[in-house]
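Biologist: Could we go through this model together, please? I would like to begin with the terms and then look at some individual parts.

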Amino acid sequence: MTNPHDVLAAAQRLRAAQQPFALITVLRVAPPASARPGDKAVATAEGIVHGWIGGGCAQPAVTKTVRAALADGRARMIRIAPAAEGSVRELDEVLEFGMARHSGGTLELFVDPVLPQARLVVIGDTPLAAALAGLAPRVGLPVSVVAHGGDAARFEDAAQVLVDDGDLASVPAGAFVVVATQGRRDLQGLRAALSLDARRVFFVASARKAQVLKASLVESGADAAAVAAIIAPAGQPIGAQTPEEIALSVLAAVVAARRSGGAAAATPEVDAGAGSVAGSVGEATTDGGRAEAEAPPAALEAASSCCGGRSAAMTGSDEPAPDSTAVGTAVARRPRAAAPGTPEAPRPPAAVPDPAAVAPRSSCCGG
């Protein structure tokens with residue numbers, strides 16, 4: 001039997017190095033077999049690196065299972081039994097691999113993946129960046145903040161704060177990255193995000209603004225595939241307006257990507273009346289109400305009604321916000337009761353509000 005302390009020490013070294021691995025434990029043995037219940041091993045995607053869970057005939061099935069477990073983060077129970085070489089079948093929750101085992105024995109193993117702790121990198125020196133840095137640790141995401149020229153004291157909950165976006169060597173690889181620059185050094189923030197070995201990059205901006213900036217990145221030589229993979233608008237559709245609400249919306253998207261193994265679907269199109277995803281909310285907001293240093297292109301002009309009916313004055317649009325009193329003013333009247341014995345006449349359909357009076361809000365949060 002392998003010494004479990006040695007195996008766990010090897011696992012700890014891999015974890016300290018932020019290297020994904022799987023801890024494998026022998027659950028049951030049908031002799032003859034060289035392993036014993038309780039035997040353990042540590043394996044990476046390349047194979048077993050320490051410990052013992054049986055002979056060489058078990059290695060291909062174990063390596064294949066470890067790779068699958070590291071890809072999706074789900075534990076697995078497998079059985080390696082005498083059968084046609086290469087056969088695989090699923091029995092309840094056990095995946096059985098057929099191996100031409102000369103010994104005739106059977107092994108049941110539990111493969112438990114251990115992935116590096118997910119981290120969040122927030123790029124920006126904005127109220128939204130501060131809100132993200134404060135909320136993310138409470139959902140198990142240590143935060144590194146890149147706030148160029150900012151005050152590190154604003155991000156007291158962050159594990160790491162850099163005040164120069166040109167000094168990214170110490171930022172951990174494999175993190176989720178949120179660019180929360182909100183109009184202040186947007187292109188520089190996006191370039192910094194692309195320079196990191198990120199699992200996923202989210203950009204808090206409207207779809208229109210993101211499209212313009214993405215095109216600028218590609219024109220300046222950025223990798224087109226990496227640029228196309230940036231998620232913008234970022235966030236879940238909850239009708240967020242304040243920095244704290246937008247942070248909650250964006251973190252919900254990050255958690256969804258984290259639980260799906262890092263894959264994040266494109267932001268869904270959302271009915272503006274049902275709530276919008278976090279996009280350009282507060283893009284014109286800066287510390288102390290100062291004007292943005294980086295003026296957006298004309299194509300990025302503010303929408304007339306931002307995430308919940310903000311007025312034209314708040315969004316900078318010449319177009320007035322839609323009149324909410326026009327919605328639902330037409331109400332079907334209840335018909336009079338018919339005389340006794342008279343068949344009830346069909347009720348008229350409910351009046352439908354004039355579509356022109358119920359124009360949808362422009363989804364500057366959701367693109």
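Modeller: A residue is called buried when its relative accessible area is under 20%, exposed when over 50%, and partly exposed in between, using a 1.4 Å probe and protein chains only. This is a predicted model, in which local features need pLDDT of at least 70 and side-chain atom pairs count only at pLDDT 80 or more, while totals for chains, interfaces and linings use all residues. Residues are numbered from 1 along each chain as its sequence is written, and side-chain values use heavy atoms, with hydrogens and water left out.

Biologist: Why does Ala58 count as buried?

Modeller: Ala58 counts as buried because its relative accessibility is 0%. Ala58 lies in the loop between strand E3 (47–51) and helix H2 (59–72). Helices (H or I, at least four residues) and strands (E, at least two) are DSSP runs, numbered from the N terminus.

Biologist: And what is Ala58 in contact with, leaving aside its neighbours within four places in sequence?

Modeller: With those neighbours set aside, Ala58 is in contact with Ile80 and Leu107; contact means heavy atoms within 4.5 Å. Ile80 is 22 residues from Ala58 along the chain, and their C-alpha atoms are separated by 6.9 Å.

Biologist: Changing topic: how do the axes of H4 and H5 cross?

Modeller: The axes of helix H4 (residues 186–195) and helix H5 (residues 207–219) cross at roughly 65 degrees and come within 11 Å. Axes here are lines fitted to C-alpha atoms, for helices over the stretch in contact, and angles run from 0 to 180 degrees between N-to-C directions.

Biologist: Which residues make that contact?

Modeller: On H4 they are Asp186, Leu187, Leu190, Arg191 and Leu194, and on H5 they are Lys209, Leu213, Ser216 and Leu217.

Biologist: Which residues of H4 are buried, and what covers them?

Modeller: Asp186, Leu187, Gly189, Leu190, Ala192 and Ala193 of H4 are buried. Their cover includes strand E8 (120–123), E11, E12 and H5.

Biologist: What about E12: which of its residues are on each side?

Modeller: In strand E12 (residues 200–203), Arg200 and Phe202 are on one side, Val201 and Phe203 are on the other, and all are buried, with both faces covered. In a regular strand, side chains alternate between the two faces of the sheet.
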